[in-house]
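Open your viewer and get ready to click along. We will go stop by stop, selecting a few things at a time.

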Amino acid sequence: MSVAEVLEKPAAEVPAAKPEKRKILLSVEHVSLSFGGVKAIQDISFDIEKGEIRAIIGPNGAGKTSMLNVINGFYHPQQGKITFEGKNRDKMRPYIAASQGIARTFQNVALFKGMTTLDNIMSGRTLKMRSSFFWHLFHAGAARSEELKNREFVEHIIDFLEIEHIRKTPVGRLAYGLQKRVELGRALAMEPELLLLDEPMAGMNLEEKEDMSRFILDVRQEFGTTIALIEHDMGVVMDLSDRVVVLDYGKKIADGVPEEVQKNQDVIDAYLGVPH
Amino acid sequence: MFYRETGQFKTSYAEDMALFPVIQDRIGIGVILIVAFVAIPLLANDFFIASIMIPFLIFALATVGLNILTGYCGQLSLGTGAFMGVGAYACYKLTTIFPEVNIIVMVLLSGFFAAGIGVVFGLPSLRIKGFYLAVATLAAQFFLEWCFIRIRWLYNYNDSGAIETVDHTAFGLVLAGPSAEPLTRYFIVLVIVIAMTWVASNLLRGRFGRQWMMIRDMDIAAELIGVRPLQAKLLAFAVSSFYCGVAGAMMVFFWLGAAEPAAFNINLSFQILFMVILGGLGSIAGCFMGAAFIWILPLIIRTAPLLFGVEISAALVEHIAFMVTGALIIFILIVEPHGLARIWQIIRQKLRVWPFPY
Ligand SMILES: Nc1ncnc2c1ncn2[C@@H]1O[C@H](COP(=O)(O)OP(=O)(O)OP(=O)(O)O)[C@@H](O)[C@H]1O
Ligand SMILES: [Mg+2]
């Protein structure tokens, strides 16, 4: 794996240098979210720069998943402001977030179980397809050419993720690791600007984790996608991410490059030092 | 003849997207079409055509309709009977208002009325799911049945409260009504059912079908990907009810000739639902298997004892048929939730590797 090489560059660049060159893709300002009495997120601010891999870490129940849900419009925070691509957004439905270029995978795989791998990834093309109902009645004209064009795109992703052999298998029958890979494929099919990955390597063995790490790095390189990554495996986080934000009990306790965060005493207390 | 895919290489995605990518399946469909269009008309008697084939095809179409909604989009409905009724009454009114227009056109037009009503009663599906939605569609069923009885305008204020067809002619041929030949009606029904089944398969393999299945399998993820649940579900209700409406209109105009409101009651809803479950949720071929099974089984139970010289009463036949169907449904739900279509697929899979399964 070329993780080390990839890591060198951003690690060297980050410390406060050239702020004007960096473009902020998403910024979260003073966001708070609570469920009844549970304060899942409390006054959190951070940003994600274009092209970076941004890790979000923290112990169980820290509010990481809730944060992603806020970013893609699934939860509406009670307070705070979210800016995506320079535009402030208020309450929005998830499909609007999707149409603006935010895609995600889920902590507990949320694939369409009865559909094949191919159809699952094709489903990621939903927003790219516009052909009229009329042509679909006959599977002809615009409907047919659009299906073909998108099928070709999807086949690229299938090649990229090395899942050709399970193309026609209903995903409900696939092993967990493969399902996670298909889910990544579905998100990639959306050609997102920002890709949110919620524990993409949970429950995987070492080899599968290495594959997934490679895919994540390749995705950024090939598609230029910005990635927000939640992950518990600290090795993976240190290897992959450019910057890390650490949450604990709904609060932000650290934010910076992996080396910095790793040395932060609060983080060590809250998370790194405590095995779980 | 071996059932094999080996050696059949698809050289383009277009070929891979075809309805029947495997040659043997194409041959199978060809054989079925020849039987339907040539063998049955040549060999079968009027009873077989009028009382077995025509209703079987009509039920199969309604089953396709319900399967789109329930099997593909995951929205359980118990209002099928009423939606079929909407089609039947709409067609009846259309033919009284415009007696000159070709009956086939009217049958297809009445589907749009059913679609409209279906959309209205599909609105609750945006808020409620599963069992609760089933109850809401049940309310639709009873409300519409009530309309069929109470709104006398619907049956032209006649005393019987039933709708009846008069003869409809076109091209010098009686297409529907008391003096229409069974064979004529059979061909009309056959062509409509095949054409609409083809259209349904087209819809299902494109982006609309995918959106329905996305909603069925995981509605939250579907929304996060960009499906608008409102539009997708209502479209499923519309298309599904259109199919049921056309089936209902055909039921009166090409099969029974007359119908009372009770023809479209909850029993019909359940009958179609059983056909969907038995045939297989989410399978178009299964619709035909389920319809054949449930429609033809009672006929076999009725005729089998006659062959041995035993008379049994019609009521008893019905009870036996009910029990057998019920037992089968339970069996299918437990053993093979994907129905006859899936069982057929397993047989096919076995054939594929036969005679060396390992
Ligand atoms: N829909 C909800 N309703 C009520 N409480 C919720 C909901 N979602 C999350 N919470 C609560 O918010 C807090 C943060 O949960 P969240 O899932 O964001 O944690 P997490 O950091 O993703 O944890 P994990 O590492 O276990 O995935 C938890 O206390 C959780 O119980
Ligand atoms: Mg989580």
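Start by selecting helix α2 of chain A, where seven of the eight residues are buried, so the rest of the structure largely encloses this helix. Helices here are DSSP runs of H or I with at least four residues, strands are E runs with at least two, and both are numbered from the N terminus. Buried means under 20% relative accessible area, exposed means over 50%, and partly exposed is in between (1.4 Å probe, protein chains only). Colour the buried ones: A:Lys64, A:Ser66, A:Met67, A:Leu68, A:Asn69, A:Val70 and A:Ile71. Following α2(A) you will meet A:Gly73, with a positive phi near 80°.

A word on what you are viewing: this is a predicted model, in which local features need pLDDT of at least 70 and side-chain atom pairs count only at pLDDT 80 or more, while totals for chains, interfaces and linings use all residues. Residues are numbered from 1 along each chain as its sequence is written, chains are lettered from A and ligands numbered from 1 in the order in which they are written, and side-chain values use heavy atoms, with hydrogens and water left out.

Next, select the magnesium ion, ligand 2. Which protein atoms are its donors? They are OG1 of A:Thr65 and OE1 of A:Gln107, 1.8 to 2.1 Å away. A:Thr65 belongs to helix α2 (residues 64–71) and A:Gln107 to the loop between β6 (102–105) and α4 (117–123), all in chain A, so the pair ties together parts 42 residues apart in sequence. Donors are N, O and S atoms within 2.8 Å of the metal (3.2 Å for Na, K and Ca); water is not among the atoms, so sites may look incomplete. A:Thr65 is partly exposed at 25% relative accessibility, and A:Gln107 is partly exposed at 29%.

Now select ligand 1. Around it are 14 residues, with A:Gly61, A:Lys64, A:Thr65, A:Ser66 and A:Gln107 coming nearest; a residue is near if one of its heavy atoms lies within 4 Å.

- a side-chain N or O atom of A:Gln107 to an oxygen atom of ligand 1, 2.7 Å
- a polar side-chain atom of A:Asn60 to an oxygen atom of ligand 1, 3.0 Å
- a side-chain N or O atom of A:Tyr75 to a nitrogen atom of ligand 1, 3.1 Å

Finally, move to chain B and select α10 (229–256), α11 (266–279), α12 (284–307) and α13 (314–335), each of which supplies at least two residues to the lining of the second largest pocket. α13(B) gives the most, with seven residues.

How values were computed:
Polar contact = N/O pair within 3.5 Å; in protein donor to acceptor, adjacent residues only side chain to side chain.
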